[in-house]
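Here is a short tour of one model, meant to be read with the coordinates open.

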Amino acid sequence: MSDSVPETNRSAEPERAVNQTEEPARRAAPPRTDADAILSLDGVSLHYGSLKAVDEVTFDVQRGARHALIGPNGAGKSTLFSVIGGAQKATAGRIRFAGEDVTEHNESSRARAGLVRTFQHSSLFLGMTVVDNVALAVEGVHGTPWRFFPLPGSDRRIRTKSMEHLEAVGLADRAQELCGNLSHGERRQLEVGLVLACDPTMVLFDEPAAGMSAAETHRFMDLIETLPAEMTVLIVEHDLDLVFRLAQSVSVLAAGRLIAHGTPAEVRENEAVKVAYLGESDGVEPLFFTGGHDVA
Ligand SMILES: Nc1ncnc2c1ncn2[C@@H]1O[C@H](COP(=O)(O)OP(=O)(O)O)[C@@H](O)[C@H]1O
Ligand SMILES: [Mg+2]
C-alpha cells in the first residue's frame, strides 16, 4: 500500500489562522497517563522555527475509544495528526502506540503496526471499478506473494474479502461502478473501505465530513459508529455537534497547546475552551448545541 498524501486545503473552516503572537492559552494540567492507552503522547511538539504549531502536547487515547481532537482553525490539529501518523517527525516528545515507542518510526512502519490515516482522494484509481480499488488494497496488505506467485483461489479470496469491506462501508451495490462515477460522499466511504483492508488497530480521520452534504455527513458518521468496537478512532472534526454525538473523549488544542481533555460534557463546560472558540465564525454557540444536524 502506498503512503497516503497529507491533507491539503480540504478544510471547510474559514481561512483565518489563530494569531500565534497572542497571549498563549492557559495550558491544561497533563492528564494522567494510563497503561491501557493504545496511543500516548508525551510532550509532543512540532515547531516550524519560532512557530509552535504543536507545543508539548500530552494525552492518551484509550483502546477502542472514539476520541475527538478539536480546536479553532490553525490550532495545530492537522499538524498533530501528521506527527501521530508519522508523515512528519516531532521536534520534541515521545509517541507510544500499542505499547511500543514509535517516535522514530516512519508512516509506513506505523501503518504496518496498525496505525492508519485515512486514504485521500488522490489514492483512489478513478478509472478502475470500486471493487478493484479495494482488491488492490487487500492485495497490498497481504503482500506480493499472491500477486507474483498466485495460490489457487487467491483471486477469489481477495474478491470475497474486498466485497466484505464494501458491504461494511455500504458500497456493495456500487462494486462494479467506476470509481470516478462515485459522489464525493461515496468516495469518502470507499476511503474507509481501503482503511478496513489494512486491518487497522487505530484509524485517524482528519475532517472526514469536509465538503459533504448534510445527508452524506450523517451516513458517514453512521458508518464510523459501525466500525468494529475494538478499532480505536481518532477524529478531527469542525462540526462540534457531530463530535459530541460520536466521541466519548475529547482533546482540545488552541495555538498548538492542549487546553482541555475530557468527556464531551466536561469539555463543553470548560472555560478555556469557551474562550478559545470565541471569535470563531460560528461563535461560542456550537459548544452548547445539542439539537440535530439538518438532513436533506
Ligand atoms: N508546513 C508548514 N510550515 C509552516 N507552518 C505550518 C505548516 N503547516 C502548518 N503550519 C502552521 O501551523 C499552524 C497549525 O496548522 P494546522 O495544523 O493546519 O491547524 P488546524 O488543522 O488546527 O487548522 C498554523 O499556524 C499553520 O499556519
Ligand atoms: Mg486542519
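Strand β6 and strand β7 (residues 202–206) pair in the parallel sense over three bridges; strands here are DSSP runs of E with at least two residues, helices are runs of H or I with at least four, and both are numbered from the N terminus. Two strands count as paired if DSSP finds at least two bridges between them. Within this pairing, L115 sits opposite M202 of β7. In this predicted model, local features need pLDDT of at least 70 and side-chain atom pairs count only at pLDDT 80 or more, while totals for chains, interfaces and linings use all residues. Residues are numbered from 1 along each chain as its sequence is written, and chains are lettered from A and ligands numbered from 1 in the order in which they are written.

Both strands belong to an open sheet of six strands, ordered β6-β7-β8-β3-β9-β10, with mixed pairing. Its edges are β6 (115–117) and β10 (257–262), each pairing on one side only. From one strand to the next, the twist averages 20 degrees.

## The four-stranded sheet

A second open sheet has four strands in the order β2-β1-β4-β5, and its pairing is antiparallel. Here β2 and β5 (100–101) are the edge strands, each with pairing on one side only. Strand β1 (residues 37–48) and strand β4 (residues 92–97) run antiparallel and are joined by five bridges. For S45, the bridge partner in β4 is A92.

Angles run from 0 to 180 degrees between N-to-C directions, with axes fitted to C-alpha atoms, for helices over the stretch in contact. Contact means that C-beta atoms, placed from the backbone, lie within 7 Å.

Which residues come nearest to ligand 1? Of the 13 around it, they are A53, A75, K77, S78 and T79; a residue is near if its C-beta atom, placed from the backbone, lies within 6 Å. The elements giving two or more residues to this shell are β2 (51–62) and α1 (77–85), and α1 supplies the largest share, three residues.

## Helices α6 and α7

The axes of helix α6 (residues 184–197) and helix α7 (residues 214–225) come within 10 Å and cross at roughly 15 degrees. That makes α6 roughly parallel to α7, a term used for angles under 35 degrees. On the α6 side, H184, G185, R188, Q189 and V192 meet E216, R219, F220 and L223 of α7.

Conventions: Angles under 35 degrees count as roughly parallel, over 145 as roughly antiparallel, 65 to 115 as roughly perpendicular and the rest as oblique. Two residues are in contact if their C-beta atoms, placed from the backbone, lie within 7 Å.
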